[in-house]
Amino acid sequence: MDEVGRTRLRFFLILLAGIVLIHAVVLYMIVPSGRRSRPESSAPGTIESGNAENPDQTPANPGVSPGRTPAAASASSGDFYARLTAFPRATTAPDRPQPRFRKYSTNVRFGTPLNFASARHGDLPVKEVPGSAGAATGIVVDMDTRRVLWEKNSDRPVRIASMGKMMTLLLAMETLEKRPELSLKSPVKITNTALKVPRTGIIWLDPRETMPLGDLMMATAIRSANDAATMIAEFLGGSVDAYVNAMNRRAGELGLTSVKFVNPCGLPDRKKGESVGSAADMVRLGEHLLEYPQIMEWMGTKKASIRNGRTDLYTTNKLISPHWPGVDGMKTGYYSAAGSCLTFSAFRDGRRIMGCVTGFKSSRDRDRFCRKLIDWAYKQK
């Protein structure tokens, strides 16, 4: 080979080496870091881990373990396109402080519209579920799929009685999250406002006593104590009226278009009228209480006590019983014009069912129907 040939060979080899080097650098830059080296653990993301109260709910993205963002999971998968598409979700999600009481739901369908497409409407056949004729309105929903299994006038606004206390308790918990200076142990000085509450469904609060806020909330959740709910409102809202206004604003924010509250306890008011809402909106409201394990614990309690054991609290929800497994809430309601009402929640075999019925002539008929309805709902596929 002459000198010209050797020069051309050297040039070709140098050019080839340069091309190989450039390709190596480019590949190194575009191959996901998770493919080059896998850390032992990923840093926590902005999406909270699973809901302690809702073990039936699954993460929003399959394969994403609790406590990790979708972006972090995609990076470890080595899917470059997935990393690019997940990146904006991870960076634009608002940073949330660690909650004291709330356990964010991991159900991807949480808060989404209910699906009425395949719902059974009106009264159910007596051979299937006896007693539906006694309900003025009602609904039962598979919360995992949002599928409405049965409904009867479920969008009609009706008197909700003490079921309105669900918003009283939800707003109380949300207030505690926003105001770290408050806690369930915060002392509440009972005022004469408690004495203005009609003498029914009360724990006989006395202006001479001071009670922990948590005890008032527990009495509201378990005993449905009207005076306790009123004192919660006055303490947290500055006045009962201010708190009721906040309840109605919150209902609007949650999209509960049929709901109107006149007080924090649900009793009719001669001047302001009555609290109203639809059965469907009561389920939507109740779903938000699922994110507060303490509220759910109280609502699933048959008996508790306050005032150092001197006052017993017995639940008004007779579905809370070992004979009816899985029922863990939520709230009863009754006065003569409203009839017997109930918003209920049940969790069996990894599946969450919620429902609401209104207008029964007796709590016995209401409870008998709800038990049958829950059993029926779990048989629906």
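**Close-up views of a predicted model**

**View 1. Met330 is found in strand β10, which spans residues 327–335.** Strands here are DSSP runs of E with at least two residues, helices are runs of H or I with at least four, and both are numbered from the N terminus. The peptide bond between Gly329 and Met330 is cis, with omega at about 15°. Most peptide bonds are trans. The model is predicted: local features need pLDDT of at least 70, side-chain atom pairs count only at pLDDT 80 or more, and totals for chains, interfaces and linings use all residues. Numbering starts from 1 along each chain as its sequence is written, and side-chain values rest on heavy atoms, without hydrogens or water.

**View 2. Arg146 lies in the loop between β2 (137–142) and β3 (147–152).** Its phi is positive, at about 70°, although Arg146 is not a glycine. Most residues other than glycine have a negative phi.

**View 3. Helix α5 (residues 165–178) packs against helix α6 (residues 213–222).** The angle between the two helices is about 155°, and their axes are 10 Å apart (lines fitted to C-alpha atoms over the stretch in contact, with angles from 0 to 180 degrees between N-to-C directions). That angle makes α5 roughly antiparallel to α6 (over 145 degrees; under 35 is roughly parallel, 65 to 115 roughly perpendicular and the rest oblique). From α5, the contact (heavy atoms within 4.5 Å) draws on Lys165, Leu169, Ala172, Met173 and Leu176. The α6 side contributes Leu213, Met217, Thr220 and Ala221. By class, this contact of α5 with α6 comprises 7 nonpolar, 1 polar and 1 charged residues (nonpolar: Ala, Val, Leu, Ile, Met, Phe, Trp, Tyr, Cys and Pro; charged: Asp, Glu, Lys and Arg; polar: the others, Gly among them).

**View 4. Helix α5 also packs against helix α8 (residues 240–253).** The axes of α5 and α8 are 10 Å apart, and the packing angle is about 90°, which means that α5 is roughly perpendicular to α8. On the α5 side the contact is made by Met167, Thr168, Leu171, Ala172 and Glu174. On the α8 side it is made by Tyr243, Ala246, Met247, Arg250 and Ala251. The contact of α5 with α8 contains 7 nonpolar, 1 polar and 2 charged residues.

**View 5. The axes of α5 and helix α7 (residues 226–237) come within 11 Å and cross at roughly 35°.** Helix α5 supplies Lys165, Thr168, Ala172 and Thr175 to this contact. Helix α7 supplies Asn226, Ala229, Ile232 and Leu236. The contact of α5 with α7 divides into 4 nonpolar, 3 polar and 1 charged residues. Ala172 takes part in the contact with α6, in the contact with α8 and in the contact with α7. Lys165 belongs to the contact with α6 and to the contact with α7. Thr168 belongs to the contact with α8 and to the contact with α7.

**View 6. Asp215 is found in helix α6.** Asp215 and Ser305 are separated by 90 residues in sequence, while their C-alpha atoms are 8.7 Å apart in space. When neighbours within four places in sequence are left aside, Asp215 is in contact with Ile306 and Arg307.
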